[in-house]
Every structure is written in structure tokens, then in C-alpha cells.
Amino acid sequence: MLKPLLQQLLDGQPLTPDQATLAFTTIMEGNADPAQTGALLGLIQSRGATIDELVGAAKVMRAKAAKVDAPSHLTLIDTCGTGGDHASTFNISTAAAIVAAAVGRPHDIAVAKHGNKSVTSNSGSSQVLETLGVNLHAKPETLTKCLGEAGICFCFAPAHHPAMKHAAPVRAALGFRTIFNLVGPLTNPAGANRQLLGVFAPHLTETLAQVLKQLGADAAMVVHGTIPDPDGKHIDALDELSTAGPSQITELHNHALSTTSIDPSDIGLPYSHPAALHADSPEASAKIITDILAGEHGPPRDIVALNAAAALTVAGLTEDIPAALPLVFEALDSGAAQTTLAILAQLSHDQ
């Protein structure tokens, strides 16, 4: 079934939306030959996935996901990124999700944090949350309760995307990044329609913002940060907003896209030395997050605050990131964010 599409891709023609839907339906229903699946993924990766291909794949993956029912009165956001930046930082987006939930909860804003184990970093979101006491295998009804009472839940990707099992062996055998690395963050199981999405390359901010627009997102920031070396000769990528260097943001707001850059100095945050953001294990990452939530000041707190403020802006709580920062710092200083994690950990074990 994939053979005609493979020839088309070999001829340099991308897939149409309908063709992408057909191809990824075939793969995710287990009806594709593994060799053809590998060829299709490799051909798309060799020139980069188009918007139509990403939209088609995401629609199929969303349709086949095991859903989480969110309380209807909540505005849902996600802080899931693509990973793949090789920066070896602590789990910034996970910490930001907890802090954003603490701020947003009184305003009926909740975080449906979507994530997985890490492939390219020392600690994935699932690994650090498990270290922090969160049950990764909570039932869907438990996740609904977490959203309603803690203002946050964690959707462990393997539990919510069973159709991906058909592609998993092929992806593992290929050993390189594929379109699925971009599609995964677009498929929140709770249907979060507002998203802070970090990407590993700057050219992807506009592409994925356009994909989110076509998928019907209410609002989004697709971001890419940088960590320059002190000598300025090399720049590492970061799939978060950075306090070590400038970041690029493509924002989806009122159905329109705009791309800007932001520097920590623009909003009164000090520059962070890259070493202060490093974590070499889930335990080290969990320790940093625990210290941040306990009120410790320093570079880790600043970068979490920046990303939490962006998430709250996407949620519509504030007009911009600077307006959200005081709310974030208050949640950290008051212990509200620490309490949010404790409630999440406790509720996630309720069965």
C-alpha cells in the first residue's frame, strides 16, 4: 500500500494531506511492511517533513490516542517539547509545567503535561517525575482527577499511543530522528489546545506553529533557545526558552503567526552560565527541581520562571511574558508550586 507513495517521494514529490493520512494510518494500524515503513520515514527525513505531512501524521496519531477526559471548565496547556537538543540540561519544561499549574489552578488553567522517556538527554520528563514520586501509569480517570484537583497531570506517551508500537521497531532500527519526533508533541492525549512547544532547530518554530494552526490550536508559542559558549565560537541548541542566550519564538495568537526573538536581558533576567543548568541523571534533575520549588534562587529558577511565564501567556492569563513573571515568582516563594507537586504525586497513586 505504501509502494506508490515511496516512488512519489523518490521522485521528489511530497505527500498530499490525504496521502499522508493514508500512509500513517497504514503504519499505525500495523498494515505496513517494515521495510517500506523505514523507507518512507527515511525519505521524508532526508529532505524534512512538510506541513501537510506533519498535519496528516498528527491527525492520525491523535485519532488513535487513548484519551484523557479533562474537566470541561478548564483551559488546558501543554509544555511538551521535541527533545533532541543534546544540551543535557535538567528537565526545564517539566518544572515549568508544575509552576504554571500552581499559578493557573485558581484561574481554571491546568497543565496536561505530555512526555516520554529520554532518548537524547540524561533525563526525560517521565524519568524525573517518577523520581519525584509521580505514578507514570495512573489510569485515565485518575489523570482527570489530577487535572481537576492538582491542576496538572502527566500523560506518559507509551500509555496513550498504543498504535505507535507498530512503528517502534522500525524507528529503533533506523537509529535517527524521524517525523515522529515532531509529531509526538502535537498529540496531547487530553486535547490541550494551547501549547508551549520547544523545538531543537530554529527553522522549525514557524513550521510547527503553522502545523498547530492547521490542527486548530487556540494559541501557541513554538520556541528555540540557544546556549552560546563563553568564547562565542559555538552555540548549543535548547528546546526551551533560554536564559543563557537569545531565543526565537513563533507565536500563534488570534489565528495569526508572528516570529520574534527574546533575550533574558530584555525582561530583567540575568544570564545563566550553561553549567548551572546541567543535570547528568534523573536524580540530579529531580534535586534541582526540588530546590527550585523550595524557593532556592539562581539560574535554574530563572529559566523555569521564564518558561512557566511563557506557558501562562499562551494560556491567556497574561498579555505577555513579563506580566506573568511576578505571578511565577510568587508561586515559588509562597510554596504553592511545591504544594502542587505534592498533590500531583499523591493523587497519581489513587486507583
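The legends below describe several views of one predicted model. Residues are numbered from 1 along each chain as its sequence is written, and side-chain values use heavy atoms, with hydrogens and water left out. Because the model is predicted, local features need pLDDT of at least 70 and side-chain atom pairs count only at pLDDT 80 or more, while totals for chains, interfaces and linings use all residues.

View 1. Helices (H or I, at least four residues) and strands (E, at least two) are DSSP runs, numbered from the N terminus. Of the 351 residues, 55% count as buried (under 20% relative accessible area; exposed is over 50% and partly exposed lies in between, with a 1.4 Å probe and protein chains only).

**View 2. Isoleucine 321 sits in the largest nonpolar core.** Such a core is a set of buried Ala, Val, Leu, Ile, Met, Phe, Trp, Tyr and Cys residues joined through side-chain atoms within 4.5 Å. The largest has 78 residues, and Phe90 and Ile321 have the most contacts inside it. Beyond its neighbours within four places in sequence, Ile321 is in contact (heavy atoms within 4.5 Å) with residues including Met221, Leu241, Ile249 and Thr313. Apart from this core lies another, of 43 residues, among them Leu2, Ala163, Met164 and Leu208.

**View 3. Helix 11 spans residues 204-214.** Its buried residues are Leu204, Thr205, Thr207, Leu208, Ala209, Val211 and Leu212. Glycine 216, which follows helix 11, has a positive phi near 90°.

**View 4. Aspartate 108 has a positive phi although it is not glycine.** The angle is near 60°. Aspartate 108 is found in the loop between helix 5 (92-104) and strand 2 (109-115), and it is partly exposed, with a relative accessible area of 35%.

**View 5. Histidine 255 lies in the loop between strand 7 and strand 8.** Phi of histidine 255 is near 70°, a positive value in a residue other than glycine. At 64% relative accessibility, histidine 255 counts as exposed.
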